[in-house]
Amino acid sequence: MVATDWRLTLPSETSRLAVRKTYKLYVGGAFPRSESGRSYPVYSAKGTWMANAVLASRKDVRDAVAAARKAFPGWAGRTAYNRGQILYRIAEMLEGRRDQFATEVAEAEGLDRAAALAVVDASVDRWVWYAGWADKIAQVLGNANPVAGPYFNLSTPEPTGVVGVVAPAESSLLGLVSVMAPVIVTGNTAVLLASEERPLPAVTFAEVLATSDLPGGVVNLLTGRVSELLPWLASHFDVNAIDLTGVTDPELAAEAERAAAENLKRVVRPPQGPVDWSADPGLERMTAFVETKTVWHPKGM
Amino acid sequence: MTFEYAPAPESTSIVDIRPSYGLFIDGEFRDSIDGDTIKTINPATEEVLSEVVAAGPRDVAAAVEAARRAYQTGWGTMPGTERAKYLYRIARIIQERSRELAVLETIDNGKPIRESRDVDLPLVAAHFFYYAGWADKLSYAGFGPHPRPLGVAAQVIPWNFPLLMLAWKIAPALACGNTVVLKPAETTPLTALVFAEICQQADLPPGVVNIITGAGETGRHLVEHPDVDKIAFTGSTEVGRQIARAAAGTRKRLTLELGGKAANIVFDDAPLDQAVEGIVNGIFFNQGHVCCAGSRLLVQESIHDELLTALKRRISLLRLGDPLDKNTDIGAINSAAQLERIRALSEIGELEGAERWSAPCPLPDRGFWFPPTVFTGVSQAHRIAREEIFGPVLSVLTFRTPEEAVAKANNTPYGLSAGIWTEKGSRILWMADRLRAGVVWANTFNKFDPSSPFGGYKESGYGREGGRHGLEAYLAV
Amino acid sequence: MTATTPLPAVADLVNMPEAWRTLLHGLPSVDQVGAEQRAAMLATRSIKTTSKAWALDLAIRMVDLTTLEGADTPGKVRALCAKARRPDPTDPHCPQVAAVCVYPSMVSTAAAYLAGTGIKVASVATAFPSGQAPLEVKLADTRAAVAAGADEIDMVIDRGAFLAGRYSEVFDQIAAVKQACGNAHLKVILETGELATLDNVRRASWLAMVAGADFIKTSTGKVQPAATLPVTLVMLEAVRDFRERTGRQVGVKPAGGIRTAKDALRYLVLVNETAGPDWLDPAWFRFGASSLLNDLLMQRAKLATGHYSGHDYVTLD
């Protein structure tokens, strides 16, 4: 029997054992585990096991909606300037983690390093673009109306409330930010279901949100089975709108839209074909989640 | 027992004023080619702060050439997303250095530190943030699908809000893709020169922003330079008129933000205590060196005496003195020349028969000071009701009906701003419809925001700064 | 022959229930944004060195040291009184507070421990804090407190009646309590948090003063928000205007939510630049507070020693 030299079995300096991240949910500004205690394996685009992500339950959906509702008056009540500042800070924090996200996106989506960096850069620029809309969207969507009478008449956009969002299935970062930013820039709060197969960049992105002065509950992020969670989100009466962009199963989307009809949620249907996330987003993702309020007041001595 | 506030001076250790400054051209500070030097002083103490250049014609030409080059070799065709990020960087650095800039502004201009800290600097940063966000959204601004910039903008700004006026000029110009040559006022060049440093810290491409110091002559050379596409001027109506004449027959686009003689109208149902605050803020904020100052108080005759009593009581609480003291409300007059003008017009007011009252505050020995002053018994025929004094002097007139208030308010060649104080919403809107002024404040005064357009009717100038409307001045539309 | 309707006498008009509404709603309105901005601007005043020392001592002398808990016992009240007499056991030059404020059942205890000190005994009364009781009960409450030795009575107005517009009822109640006070001073608590608007605060202030209040007080401290700078600003404007109109000076007491010396100094600045120096005296301005006193003492210690103090160096009670 040969005594094994124990020194040979320790990791050397170049193969130090990493402290791996535990991926949790992001609800109310904190990182809880699911009350269900479940998880599911996440694989890279190449099929390697990456991590166990939380398999959220309907109770997590319930808690996330409650957190989003609680955060709504405060977030909607902030000045547009303040919201714009916070969104810009999110971009700053994301930029600071450029390498980290490039690695995560490359693994999740099977991109080479250059392409992954391009995705991260586009995501940062997307946040900057939306940050700048905070104090301008009212000027583009709102206006005075020249009514035929001695009345002051003004139309302005207001946030609709709590918005449920199904993040794109494949575009794990750029697609994610492209559905998240337009919802919150106008003052809505959000509950997002991350891409089921590629949730890890979203969970890391929650860390960016948590370090950006974004009040807890403005964005809530759940990971898990979209088919399990979506019906609860789509039928929840305290949710004002639902964005079905990331739903790949047309029957699931239709079912969600039917459920949403029960309290007349505003619905954004899944896109007809593949989306070019790098294209100019236009205004639709912001206008979908605002209400127009028109106020009259007489003019008299 | 009276509650004295002990001296609470803001520290100046954060500021580092160089003994002299060059011109900021093409991304670097350079010596002058054919200019002179001028001294800039602290108007509260009369001590010399620094020496700056009074740029000569060849200096001006070098700056315009640098701006043209920068426009043609990159800035004019740079994608909006990239331009935006430069402006965001500048905004962030301004925020980081805001205390330093506020202290410097107070030392060079004479305004109280509380105002430069709490009003000027936050607005400066906000202005850059706001316009940064337009740089990549111009096709949504309502000026067509692909609005183009004009090219090189010549910008001349006044001494009353030096850094804020710089922000109002540079931010929209750069956001739209123009390059600029900006001349700060001769008595307040320092924050503009530090801004030049900030442009360097932000890695702004050389030539996009050029800062050339100087007085009236330098400004004239700048606006008359043939290779300038756009002129933006804020200052007196007299100089604005000269610039408009000089631009006639050229292809240069022109916007002007000039003087005012705003009416602050108080009805008998006004929220009185807040109206008093609004009147005081309207004419004594920034020592009255404000183009949109509420320099004419139009008070409904039935409450004249009650309002004047409350007003004088309130004015007597104003603290005049060292601008660097955090408790100072009224700072120094910006220059000996301006002080002389205020004194002269005030004397005229007395000769015209108006009744003069000044706050009983002691004035420091050195520096340029004028106590808050109120003239009652003024009518439209008086010079002090017609001419812009640009100092802490309020003229009080009366009216009986809303129509009379409107008529008197509009009875002026100016048309920059107006104030309305009443509880009745309908009356606010009825009056606002009829007041010929570019900015109407109801139950408030002197409120500014980068998203809110500002500018005048009639001889107060043309064009708007701020808001979506403020982009028009810098686009080829 | 035609019968003509006699014209109402001016006295009839004044006595109509609607007369109060006409009077109170004819007072100048308050623009909330403007008032809040004025209060915020005054909060930027920087008080240093000698001024700060003077202001801290004045603030201590203005404190109505308060305990209003269901769990109050004679032992608790005794300890509070000891603190009132000697806020800083290490410094005999530290001034005493203005008063101790307790429930009627604790008044005799407090009066016994404060006898001869010059510190007033203030008692809440009139079914504090809600005020929801018949008038006879409220008056009995008041008389009991006065009989037990209270120098000052802090009453609550009937907010329900006020918000329902029954102003003459509110007036009558205050006048009755004033009568029941005898020689005791009457502070009238408006409960500004429940009045909600600054216009209501102005109207309630005037109503209380015309009815005979010696002091108007913001809050019971049992409802949020309690005292705020804008509310106190409006009340200071009211007492200023009232003195100008009638010649009678009424005091102001913000209560509840004033925890730090910095807050207290902001209130003193507010007094100084609104009602004026005549009110900068414990006879005309009080702080209803409990934990404020320790922060005042710690700031006082810092000015004296040059270093920050800590909670081990001030007494619990």
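B:Arg114 and B:Asp329 are joined by a salt bridge, with their closest N and O atoms 2.7 Å apart. Keep in mind that this is a predicted model. The distance sits inside the 4 Å cut-off for a side-chain nitrogen of Arg and a carboxyl oxygen of Asp, so the pair counts as a salt bridge.

How many salt bridges are there between domain 1 and domain 2 of chain B? The count is 1. Polar contacts between these two domains come to 18 residue pairs, with both partners at pLDDT 80 or more.

Now for the layout. Domain 1 of chain B is made of two stretches, 23-258 and 457-476, while domain 2 covers 263-442. Here's how the pair looks in numbers:

| Item, domain 1 and domain 2 of chain B | Value |
|---|---|
| Separation of C-alpha centres | 30 Å |
| Area buried between the domains | about 2,800 Å² |

Of that buried area, 55% is on carbon and sulfur atoms. Which three residues supply more than any other three of the area that domain 1 of chain B buries against domain 2? They're B:Trp159, B:Tyr457 and B:Lys458, which together supply 22% of it.

How values were computed:
Residues numbered from 1 in each chain as written. Chains lettered and ligands numbered in written order. Predicted model: local features only at pLDDT ≥ 70, side-chain atom pairs only at ≥ 80, totals over all residues. Heavy atoms only, no water. Domains from an automatic or database assignment. Buried area = accessible area lost by both parts, 1.4 Å probe. Polar contact = N/O pair within 3.5 Å; in protein donor to acceptor, adjacent residues only side chain to side chain.
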